[in-house]
Structures are given as structure tokens and as C-alpha cells.
Amino acid sequence: MSIIILLVILALLVAGGFLLAFFWATDDGQFEDTETPAMRILGDD
Amino acid sequence: MSAVLEKVICHHCGENCQESGVYFDDKNFCCVGCKAVYEILSDKDLCTYYDLNQHAGVSLKSKNFDGKFEYLGINEIVDELLDFKSNNLHKLNLYLPDVHCSSCVWLLENLQKVKKGVISSKLNFTKKELELAYSPNDTSLKEIVELLATLGYEPLISLNNSAKNVSKKSNKLLKQIAVTGFCAGNIMLLSFPEYFNLDLDNAVDAQYQSFFLYLNVLLALPVFFYGASDYLKGAYISLKELLAKNTKILSVDIPISLGISALFFRSLYETFFNHGGAYWDSLAGLVLFLLVGKWTQTKTFEFLSFERNYKSYFPLAVQVASNKSTDYRSVESLKKGEVMLIHNEELIPADAILTEGKAYIDYSFVTGESEPIRINEGELIYAGGRQKGDNICLEVQKEVSQSYLTQLWNNAALKKNEVKQDTKLSAAFSKYFTYITLGIAISTGIYWQFNDPTLVWPALTAVLMVACPCALTLSMPFTMGAVMNIFGRNNFYVKNPVVIQQMSEIDELIFDKTGTLTKSSSSEIRYMGEPIIREEKALIKSLTKQSLHPISKIIFTNMAEADIFKADYFYEHKGAGIEGFVKSKHIKLGSANFLKIPKSERVKEASVYLKIDRVLKGYFVIKPSYREGLSEVLTEVNGEYKTQLLSGDNSKDKKHLKGFFETENLHFGLKPQEKLDFIAELQNQNKNVMMLGDGLNDAGALGQSDVGIAISENAQAFTPASDAIMDAAKFKLLPKFLLFSKKAVNIVKLSFLLSLVYNFICISWAVTGQLSPVVAAIFMPLSSISVVLFAIVLTHISAKKLKLV
């Protein structure tokens, strides 16, 4: 049954990875301009 | 077969092609400029531009940049604009007001195909900002800007650009929400087993229980130290100020921090001494709610700027003449005694004396007075005036930062803007709330001290924990956020939620006249008398073209379909009228006295009489056109508020406005500083003042007033610093906006009441010392959510009733 403990820790680590990815995205400016990319796609060849 | 005559439409910009149209490559263009753009685009194989949006281009009629961007050749000026500079890379941001559709995005981001040397260009559509990187070895900023202008996206480069504001939006709050959300979700999940009564005598169950409990402690640490850090810091600072007796206001951070800390330390105690029954999930949920509430408060209308000062209007550089040569110099480096050269339509950046040329100065920007003023050589011209006509030479008298107009911005009123954050409502609430909560907590503690000392701390902390000011910190931002959105849908953009509360506290409304009550562009014009034939219209048009007087301009634009001839003779009699010869006919336009009209033939409503070859033909009636619904708006607000008019213009419209305002409340001929002082005087009498204005001349008054609303025909265009921007077309909704703001505040008060009921129930539970973690975990989020829902639903219902949604 102690497998649950391991799984909980693993789950937390995976979720923590997503949290880090979110941090990276905010720092990279992904949420600063949410309108232009939608228009940019129209012109891509 | 008959040919159908179709309107010929420009392939580039979609305007009608008239005789001046150009035919090229099987396509029609309205002017050479549009054709040139088409040529550039087709040459570089960029015609997808036209596939994305038909007629996507910006009309290039009457655009001429001869020498206009000459100053961008000066290195010092370019350096001021650059965000980054190295030997082979320059980076900067340009504001392009003409960006309007997806084709613009496409074209501007393909700039490197059009211009060699451009390394990358990235457009932010909402902010209309182009992020540009180029290699200074292959091209120059001047060339790029000229290309942009040719394409129809003339960048707006003002003094403001040089004051680099690299204050990048901090993402701290977003990150705090992410961390807290992550922790809160996991804590709630891990707390579940606890609520199902684990059998602690069973070794397996006991092992899990302590594992989950200590994992929760670990997860709660970032919530407390990172997520809640701003509240704790805020409370600490506020407490320090309070103890130093600098202020009497209790910031709302104090009761919040009390609750959060009580939860945290009580849970620590429960975890490490009792091995169970901790409130970690309540803590994380509370902090998450608080942060989300705060986030809704920070949302603003990004595409608008509420902070424009004179720097956004002033040019960056001006031509300076010295020792027979002229060169461009940054406006800020202008010194007393230097001679500057001002061209037609250019803004004068510093107080100066006219030394050469004919000056017609349009001060509408500064004073609201719409007639250009004739200035003679040797007279002083104030900064902010715009030259109409020929080139003039001016000798600088004061540096830019010292001039009459810019002095207005050194006024303290415009700097304290940031301070008026706490409103009466929230300040009062947080004060009473804190004292009452503390009072209950302490008396509970004292009571148990005498009856059952083991319950002192559980009961005392429980009171602090459940008595969270969630109404103030949640219902307020959510309600105000909803109101802001509803206002935004009606093209009324509020700077922040605090403005809505201030709107509800207003008791005097102050209006500006020109551009606020009247439309800035058109006037109503009627011609009475003998009909004028097409040929005569041409004569009148040709003559009025010569004059800069606003009435001449109105007549000129209304003779639309006529041709223009050269006037052989033209003379403007100041304050009387104009006369001249066109095609050897004598034409005279002007006041009754000027045209020597006999008393019997005079008409009361006439503004301008017309004589052709000394024969009276008729007269024009010109009325400034007032905004739609003006009389309804003013009658409606007059009942509830005291209304006054402050105008920089002369009192010629007094008669008309008498119907709407008390005569003693009409004030004409006021300078910007006088408007500001007027409002400050009212505030000294403890009045809450709302000012509605438009131009830079009102900027001081808008800044001084409690709520300054800038009215604009086009909200995206330039508006002075203000608390809110209103689309002129929605002016008739003003009474509704005011009413809605009052309702919103009432809704917040109602939700205060609701949360007080919750608090009453919770606290009566807590004082008995029986608050279990499960009850707290269910009851606290439930009360927060229901209060928020209550507020939002009520806001939308009352918006519907007012027909704002």
C-alpha cells in the first residue's frame, strides 16, 4: 500500500513541472499580448 | 447595352477615385501615394496584404513628409528613442496609431522583406506598438520611419517616447495565483482522508495520516510566505505607520493578515502538537480567493492610455537656426535666446517671441478658444500654440520645462494622483471591522479564561480565522470589475475600480464647452436668402479657402462640390469679415456692421452676411452643433447634481447655454490654471467634483478633480491624462453611468451585510471553541463564493434594468 505515497510524490512532481512551465511562459511574455498572434496566423504562408 | 456607371474604388484604401485617380496594373488608385504603396508591395511579392482584407490600406491623400522626419537623422535624437543600441543592432518601439486590421499585422511583420537592414519587426495589435530591430549599417531609423509613413503607418514620435518607460508589467500576481492554486488544489485533495475519520490505531492508516499532514505543511509554506506575502507586508507597513501616528487609517491588509496568520499558526500548532485537525485547506483556499479577487481588480483597458501629459503632444525635435545653418535639435535641449523655425501646422514647444514671419496661432489646444490669433512680430507666443500658415522664426524665452503650459504639470494636484486609492467606504469598513473582530476575539478569550482555560486559545484563534473580511476584499473587486466591463461595453472606459466608487460620491458636475458639450468638428450651417448658383459657390469657396477663421472654414467645407479658383485679392478684417476678388467679382463676407447692412434688413439669427459685387445675396446661420441628447442629459443631472460650465472660449454661446445652467454657474474665458484652481476651491468646500473635458487645456482640471472624464470622438485617439475616457457618442448615457455607479456601491454594501450575517453565524460557532477543520473548510469557501455570486448577479440584474447590457 505504500505505493500510494510514492504515487502522490510522483504526481506532485509532475504537477510541479507544469507549474514551472507556466512560470517560464509568463516570464517569456506569452500572456502579454493575446490578440496579435490570433491575427498573425492569418498571414502565415 | 448600356454601361453601368460604377463607383471606382481605390484598390489600396477603398476610397472613391475622383478625377485625380491613377490607373496602374489594371487597378484603380485614388492617389499617387496609394499607387506607390501598391508598387512597393507587388514589387516585393507581398500582395497577400490585399487578400487578407480588401482595401486594407490607409488613405495616403494629402500626406507629404518633405523634411518632416529630417530630425531622425540626428544621432543624439535617435539615441533617445532607442531601447537597445550596439554597433550592428538597434532596437526600439514605435507607436503606430493607424494600425487597424489583420492585414496591418501581416504587412508590418513582413517589413524585413521590404526594407533591407530591418532584422525583425513584431507588432502588438492592442497597443499598436511595433517592436523593431534593425542594423544601423544597412539602414537608418529615418529611412524606416519614412517607409512606414509611405505605407500609411506614420509613427507618432513625441517627447514622451524619449522618456523611456521600460516598466515591464510585473507578472508577480499571476505567479502567486499559480503557486497558490497549485498548493491549494493539492492540499484539498490530501486533506480528504482526514475528513473520513481515519482509524489512528491502525498502523497503515496512521502512517498515511501523518504523511498527508506533513505534506500539507510543506505545501502550505509557499502559500503563506509567497502567496500571502503582499498582505503580510502591507499589514506590517500599515501597522508601523499607525504606531508612528502618521495615519489613522487601518488598511484592509490588517484584518486579512490577522485571519491568515491565525490560520497558519493555529494549524502549525495542531499539526505538531496534536497531530491532526489542521486548517491547511482553509488557509490555502482563502489566500487563493483573495488573490483572484485582487487579480480582477488589476485588469484594465490596455489599449487606452490614461496617463498622457504634455509630453505626448509635444514634438521631439525642432528646427533651430544658428549662423546661417539650420539643424534639428531635441526640444528638451532648447535654451533661452535660440531661434527656432516653425512650419505650418507645427506645435510651438516653448514660450517664445516672434521674430520673423506672419503668425496665426491656434491656441485651441491650450485654451479651448477656437479662433486663431494673429500675432505681431515682437509679441510673445505661448507653448502649445499651433502655427497656421507660413513658416515663422521664434526666439525662445523659456526652456520647455519652464514654459507656461508645462508649468501646469508641475502643479502638485497632478502628482498626487496615485494617492487617492482608499475610498471612504473601504476605509470605514476596514476600521470598524478590525476593531470589532479584535474586540470579540479578546472578550471570548477573557470569558474562557474564567470558565474553561483550555478553550482560550482555540476559541480566540477560531474567531480571528472565520471573521475574514471577504465581503470587502472579494465582493468589492468582483462587483467593480463587472461594472467596469459593463461600462467598457458601452464605450466608457474607467481607469480602475476605485474610480467607480468615486463616481458614486460625486456632488458637482463640471463641464467644459468646446469639444465636450459641442461636437469638435461639425457645426450646423444654413443659408438663407437669394439662392446661390454653382458658380457663385465656387467664388465663395475660393475666397474662404484663404482664411483661417473657423467660420470661414465651416463655409468652405460646406461648399463641397464647387471648384476652386485663385483669389486675385484677399483681405481679412480682424473681427469683422473677409473680402476679395475672385474671377474679377468682388465678394464680401462678414458681420452686419462690416457689410453696412441697414438696420431694417438685419436678421437676429444671422452669423455672416454675403455680398457679391456689392449686392446683398443672403446670410449664413451657423450654430455650434451640440452633442446628441445634451438637453436630456443636462436636465436629468441638474436635478441631482450642481452643474457648472468652465470654458476657455468667449461667451458667445452664453444665450444658448442659459437654458441648461444657472447663469452664475457659467464661466467663460478661463485659462487652464484658472480651471484647475476653480476645482481646487470647490474641493476646499468639501465638494466631490467630477469634471468632463477634452483637450489638453482641461488636463489640469481633469487631474485636480475627484473624477476626471475625458470625452473623445475616438477613444483610441489622444486624450489627456484622466480617470476615465468616454466615447462622445455615448454622452447621452452619462446619467445612467452615474446611477449605475451608485447602484454598484449599494450592491457592495448589501454584500457587506450578507457577509456580516455569515460572520455572525461563524463567530457564534467559533466563540464556543468548537470550530472543527471540516466545518471551516466547507463554510469559509462557501460563504466567500456565495457573497461573490450574490454581488455579480445583482450587478448584472441592475445593469439590465438600466439597459446597459
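1. Contacts along chain B. In this predicted model, residues 24 or more positions apart account for 65% of the contacts in chain B that have a separation of 6 or more. The secondary structure of this chain comes to 28 helices and 28 strands. Of the 805 residues in chain B, 41% are buried.

2. Chain A. Chain A has 45 residues, and buried residues make up 0% of them. Its secondary structure consists of 2 helices and 0 strands. Taken along the principal axes, the C-alpha atoms of chain A fill a box of roughly 55 × 20 × 15 Å.

3. Where the two chains touch. On the side of chain B, 20 residues are in contact with 18 residues of chain A. The elements of chain B that give two or more residues to this side are α2 (48–52), α4 (102–109), β5 (118–124), α8 (172–195) and α9 (203–227). Which element gives the largest share? That is α8(B), with 6 residues. By type, the residues on this side of chain B divide into 11 nonpolar, 6 polar and 3 charged.

4. The largest nonpolar core. This core has 119 residues. The residues with the most contacts inside it are B:L283, B:A284, B:V287, B:V463, B:V466 and B:M690. Helix α27 of chain B, residues 734–766, supplies the largest share of the core, 12 residues. There is also a second, separate core of 68 residues, and B:I77, B:L94, B:L148 and B:L151 are among them.

5. One residue of the largest core. B:V463 is one of the residues with the most contacts inside that core. What does B:V463 touch, leaving aside its neighbours within four places in sequence? Its contacts are B:I440, B:A441, B:T444, B:I763, B:A766 and B:V767.

6. Helices α12 and α28 of chain B. Helix α12 (residues 280–298) packs against helix α28 (residues 773–801) at an angle of about 15 degrees, and their axes are 9 Å apart. Angles under 35 degrees count as roughly parallel, and α12(B) and α28(B) are therefore roughly parallel to each other. The crossing in which α12(B) passes α28(B) is right-handed. From α12(B), the contact involves B:D281, B:S282, B:G285, B:L286 and B:F289. From α28(B), the residues are B:A776, B:A777, B:M780, B:P781 and B:S784. Taken by type, the residues of this contact divide into 6 nonpolar, 3 polar and 1 charged.

7. Helices α11 and α17 of chain B. The axes of helix α11 (residues 253–274) and helix α17 (residues 456–466) come within 7 Å and cross at roughly 135 degrees. Is this pair parallel or oblique? The angle makes α11(B) oblique to α17(B). The crossing of these two helices is left-handed. In α11(B) the contact is made by B:L258, B:G259, B:A262, B:L263 and B:R266, and in α17(B) by B:T461, B:L464 and B:M465. These residues divide into 5 nonpolar, 2 polar and 1 charged.

8. Helix α21 of chain B. This helix covers residues 534–544. Which of its residues are buried? They are B:L539, B:I540, B:K541, B:S542, B:L543 and B:T544. What covers them includes one helix listed by name, α22 (550–558), together with the strands β19 (567–573), β20 (577–582), β21 (585–590) and β22 (608–612), in chain B.

9. A positive phi at B:D613. B:D613 is not a glycine, yet its phi is positive, about 50 degrees. The residue sits in the loop between β22 and β23 (615–626) of chain B. Is B:D613 buried or exposed? B:D613 has 10 other C-beta atoms within 10 Å, so it is exposed.

10. A positive phi at B:K803. B:K803 also is not a glycine and has a positive phi, of about 60 degrees. Its place is in the segment after α28 of chain B. Because B:K803 has 9 C-beta neighbours inside 10 Å, it counts as exposed.

Note on methods
Residues are numbered from 1 along each chain as its sequence is written. Chains are lettered from A and ligands numbered from 1 in the order in which they are written. This is a predicted model: local features need pLDDT of at least 70, side-chain atom pairs count only at pLDDT 80 or more; totals for chains, interfaces and linings use all residues. A residue is buried if 20 or more other C-beta atoms lie within 10 Å of its own, exposed if 12 or fewer, and partly exposed in between; C-beta atoms are placed from the backbone. Helices (H or I, at least four residues) and strands (E, at least two) are DSSP runs, numbered from the N terminus. Two residues are in contact if their C-beta atoms, placed from the backbone, lie within 7 Å. A nonpolar core is a set of buried Ala, Val, Leu, Ile, Met, Phe, Trp, Tyr and Cys residues joined through C-beta atoms within 7 Å. Ala, Val, Leu, Ile, Met, Phe, Trp, Tyr, Cys and Pro count as nonpolar, Asp, Glu, Lys and Arg as charged, and the others, Gly among them, as polar. Axes are lines fitted to C-alpha atoms, for helices over the stretch in contact, and angles run from 0 to 180 degrees between N-to-C directions. Angles under 35 degrees count as roughly parallel, over 145 as roughly antiparallel, 65 to 115 as roughly perpendicular and the rest as oblique. A crossing is left-handed if the near helix is turned anticlockwise from the far one by less than a right angle, and right-handed if clockwise.
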